[in-house]
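This report covers helix packing and salt bridges in one model. The sequence and structure come first.

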Amino acid sequence: MSPRRSAEVGGPGSGRFFGPGELRLALLALITEQPGHGYELMSRLEDRCGGAYRPSAGAVYPTLQQLEDEGLVELEIDSGRKVFHPTGPGRAEVAAHEEGIDRIWTRAAERGDWGMFRDPDAAEIIGPALRLFKTAVSAVVHSHGDPAVVDQVRDVLATATRQLQDLKAEAKRLHHEHHHDRRRRGRRPD
């Protein structure tokens, strides 16, 4: 693997979310936080990554088997499900790699922020948002970085950002009210 490629693995812009050994550490860290069965761990991992990574059974279950083979987790059958629990060596492995695990979760949070672009509801505004960004960059580039133009572009973008944040807050408030109204009437929320 080239030095450039290895630096990018799992990083921003990379096609891979986890670098070598990182999925193993992420799963072990989740199990150490709270034991769980395979599907539950997959769900927690996706949540932790803000939806930017969707774990597959083909990646998760062999990794869980590896952790068990290494003696880092042990299984307990609970209601017919295999629940993974950390062992003493498993907790020690997490403690020994605490910094690396923190970097994984930090990167997951950063990439998770961008995961919303995959949401089908986002498709309606991706094009207009990209055109706005392109126009803003173009205005600055064509002005050769004129400070007055840069300031104006920043003001336009700051105003648009504030307006969109207000709109988001209002949408959340309305959704919350709708949810509570349905519960008060004894119906299940959407």
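## Basis

Helices are DSSP runs (H or I, at least four residues), numbered from the N terminus. The model is predicted: local features need pLDDT of at least 70 and side-chain atom pairs pLDDT 80 or more, while totals for chains, interfaces and linings use all residues. Residues are numbered from 1 along each chain as its sequence is written, and side-chain values use heavy atoms, without hydrogens and water.

A salt bridge is a side-chain nitrogen of Lys or Arg within 4 Å of a carboxyl oxygen of Asp or Glu. In helix 8, E177 and R173 are 4 residues apart, about one helical turn, and their side chains form a salt bridge with an N to O distance of 2.3 Å. E177 is partly exposed at 36% relative accessible area (buried is under 20%, exposed over 50%, partly exposed in between; 1.4 Å probe, protein chains only). R173 is also partly exposed, at 36%.

D151 and R154 form another salt bridge, at 3.7 Å from N to O. Both lie in helix 8 (residues 147-184), 3 residues apart. D151 is partly exposed at 41%, whereas R154 is exposed at 56%.

## Salt bridges elsewhere

The structure holds 9 salt bridges. E22 pairs with R107, with the closest N and O atoms 2.5 Å apart. E22 lies in helix 2 (residues 22-33) and R107 in helix 6 (residues 98-115), so the pair ties together parts 85 residues apart in sequence. E22 is buried at 17%, and R107 is buried at 12%. R24, E70 and E93 are linked in a salt-bridge network.

Methods: Helix = DSSP H or I, 4+ residues; strand = E, 2+ residues; numbered from the N terminus.
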